[in-house]
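Thank you all for coming; today I would like to walk you slowly through one structure. Please keep the sequence and the 3D view open while I speak.

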Amino acid sequence: MSESPSQSQPNPVAPQLPCPSFVATDNPIGEKCDVLIVGLCDDAPLSATAAGLDQALGGVISRLIGQEKLSSDSGESMLIAGVGDEGSQLVLLIGLGEKSKLDREAAFTLTSTAVRSLVSKPHEKWVVALPECFDAVDHDAIVAGALYGLEGQSIYRTKSPIHVPATIAIASADTTAIDRGVILGDSINLARRLVNEPASVIYPASFAERATALATEVGLGCEVWDEQRLADENCRAILAVGAGSDKPPRLVILRHDGGPQGEPPIAIVGKGVTFDSGGLSIKPSDGMVDMKCDMGGAATVVGVMRALAKLGVKKNVIGFCGLAENMVSGSSYKLGDVIVTRSGKTIEILNTDAEGRVVLSDTLDVAVEHQPAAMVDLATLTGACMVALGNEVAGLMTNNQSACDAVIDAARGEGEPVWQLPMFELYNDKVKSKVADIKNIGEGRWGGAITAAKFLENFVGDVPWVHIDIAGPAFADSPKPHRDAGATGVMVRTLVRWIENQAG
Ligand code: BES
Ligand code: MN
Ligand code: ZN
């Protein structure tokens with residue numbers, strides 16, 4: 001098959017933005033910097049830094065508040081002149097809202113919001129005096145949020161609209177919290193970057209190469225199954241989805257052996273459809289335009305595995321990324337095809353655009369073979385889940401309520417919205433096929449998120465399993481104050497916490 005110009009003459013890959021270096025400081029007001037970031041709460045006296053600064057600036061902060069020219073409403077900000085040479089040139093006052101509501105999610109989001117209001121200008125150094133307003137356990141989220149605000153989708157602008165300062169000094173946080181925040185922030189941003197890269201840059205083999213390089217860098221075990229190995233392993237479902245593409249599929253297995261030897265691992269499984277054209281059941285342009293995001297589940301797995309390795313989490317965890325490109329060609333898999341999956345179960349293909357569950361059927365089967373104590377899969381699986389829950393909430397479906405409760409608990413702790421959908425037995429019939437064991441679509445559009453999960457349930461055996469449909473929250477159409485549009489890195493924080501909770 002002839003190669004497309006984009007393959008024979010690939011673009012240079014987008015450069016990575018510089019990393020700021022994070023340091024600790026005990027003297028936010030006296031630290032020389034371009035911008036000092038200070039929080040203001042609604043219902044509490046000025047924080048130590050805000051009060052000290054107010055004094056140093058001749059009472060301008062309390063005056064502005066008194067005149068109602070300065071608001072402490074959550075996310076509102078104002079830039080004022082700082083104390084000058086002996087401290088900050090500028091001060092960013094950021095409203096934090098009610099002090100009693102300052103949780104971990106607020107720490108992350110409000111710091112990211114503050115950072116995003118500054119990045120359009122070049123600065124050398126910021127001092128972040130937000131930790132004094134938050135619980136010490138959430139100080140890492142401030143650092144992670146700062147990094148989150150520095151990553152965006154404009155990675156191919158010849159002039160980056162994001163200016164990263166060389167140094168970010170964090171006031172009144174210990175270095176353990178800072179180090180942890182850097183790991184979390186960088187890991188979420190890695191997941192986002194993998195998603196934001198176009199499908200001509202991130203395809204199964206190149207995704208696998210990046211995962212391999214990462215594994216070497218952070219000390220994860222890594223195995224890549226190429227098309228030959230996939231064939232040897234009877235992964236016909238993964239191969240079928242990838243058959244229409246010039247870019248062959250891959251399965252990536254990342255290992256973090258942080259727990260006692262022999263302890264059953266936790267498995268995390270990601271849908272890695274590097275581009276979803278729909279295949280022969282082709283999508284209209286409107287529905288295809290963002291389908292580079294269809295490997296968001298696999299990207300999350302990579303981000304989580306990176307964080308676990310760097311944090312040294314004392315748990316055995318294996319990450320599985322099922323990677324294929326769903327394309328249209330003479331070799332595409334077809335409607336009416338029957339695939340004997342790796343598990344032996346047969347599936348009838350009635351819509352080639354319901355490809356994610358097909359890729360996951362084999363990927364889950366490989367994961368189950370490792371006899372995990374619990375398994376989560378993440379997938380940009382169904383538009384139906386977005387119809388049900390909107391585009392900011394992930395859908396959860398499970399065969400084990402206590403496993404699901406543990407994920408819900410972790411998500412709540414991190415402030416990532418999730419909602420459980422039912423898995424009643426009455427749905428089972430809706431994926432039964434007349435010619436094979438199951439078919440890859442339900443009956444009409446009804447309950448589409450659930451029928452997709454019911455399909456997946458066929459491949460998890462009796463492993464306690466939680467399916468997370470991230471079709472809505474993985475990729476954003478429009479920006480918000482705390483993040484750019486594009487990849488969000490959703491569920492990296494939740495899964496790291498879920499696994500850490502099990503590490504005890
Ligand atoms: N990747 C899509 C789901 C999706 C849609 C993710 C929008 C993110 C944003 C998935 O492969 C798909 O096409 N699902 C179909 C299933 C249908 C054919 C049963 C859908 O949701 O329409
Ligand atoms: Mn699809
Ligand atoms: Zn898809």
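Let me begin with a definition: a residue is called buried when its relative accessible area is under 20%, exposed when it is over 50%, and partly exposed in between, with a 1.4 Å probe and only the protein chains counted. What you see is a predicted model, in which local features need a pLDDT of at least 70 and side-chain atom pairs count only at pLDDT 80 or more, while totals for chains, interfaces and linings use all residues. Residues are numbered from 1 along each chain as its sequence is written, chains are lettered from A and ligands numbered from 1 in the order in which they are written, and side-chain values use heavy atoms, with hydrogens and water left out.

I will start with the salt bridges, where a salt bridge means a side-chain nitrogen of Lys or Arg within 4 Å of a carboxyl oxygen of Asp or Glu. The structure holds 27 of these salt bridges. One of them joins E263 to K315, with the closest N and O atoms 3.2 Å apart. E263 sits in the loop between β8 (250-257) and β9, and K315 in the loop between α11 (296-311) and β10 (316-326), so this pair ties together parts that are 52 residues apart in sequence. When I speak of helices (H or I, at least four residues) and strands (E, at least two), I mean DSSP runs, numbered from the N terminus. E263 counts as partly exposed because its relative accessibility is 29%, whereas K315, at 12%, counts as buried.

A second salt bridge links D365 and R342, whose closest N and O atoms are 2.9 Å apart. Here D365 belongs to helix α12 (residues 356-369) and R342 to the loop between β11 (338-340) and β12 (346-348), so the pair ties together parts that are 23 residues apart in sequence. Both D365 and R342 are buried.

The side chains of E457 and K454 also meet in a salt bridge, at 3.0 Å from N to O. How are these two placed along helix α15? They are three residues apart in that helix (residues 448-457), and therefore E457 and K454 are separated by about one helical turn. E457 is partly exposed, with a relative accessible area of 24%, but K454 is buried at 4%. Elsewhere, salt bridges that share partners join R104, D138, D140, R180, E414, R497 and E500 into one network.

Let us turn to ligand 1.

As for distances, an oxygen atom of ligand 1 is 2.8 Å from an N or O atom in the side chain of K283. A polar side-chain atom of K271 lies 3.2 Å from an oxygen atom of ligand 1, and for a polar side-chain atom of D353 the distance to a ligand oxygen is 2.8 Å. Taken alone, ligand 1 exposes 520 Å², and the protein buries 77% of that.

Now to the backbone. Most residues other than glycine have a negative phi. E68, however, has a positive phi near 60 degrees; E68 is found in the loop between α3 (60-66) and β3 (77-81) and is exposed, with a relative accessible area of 72%. S172 also has a positive phi, near 50 degrees, and lies in the loop between β6 (167-171) and α6 (175-196), where S172 counts as partly exposed at 43% relative accessibility.

Finally, look at V127, which has its place in strand β5 (residues 125-128) and is buried, with a relative accessible area of 0%. V127 and K32 are 95 residues apart in sequence, yet their C-alpha atoms are 8.6 Å apart in space.

Technical notes
A polar contact is a pair of N or O atoms within 3.5 Å; within protein, one must be able to donate a hydrogen and the other to accept it, and residues adjacent in sequence count only if both atoms are side-chain atoms. Accessible areas come from the Shrake-Rupley method with a 1.4 Å probe; for residues, only the protein chains shown count as cover.
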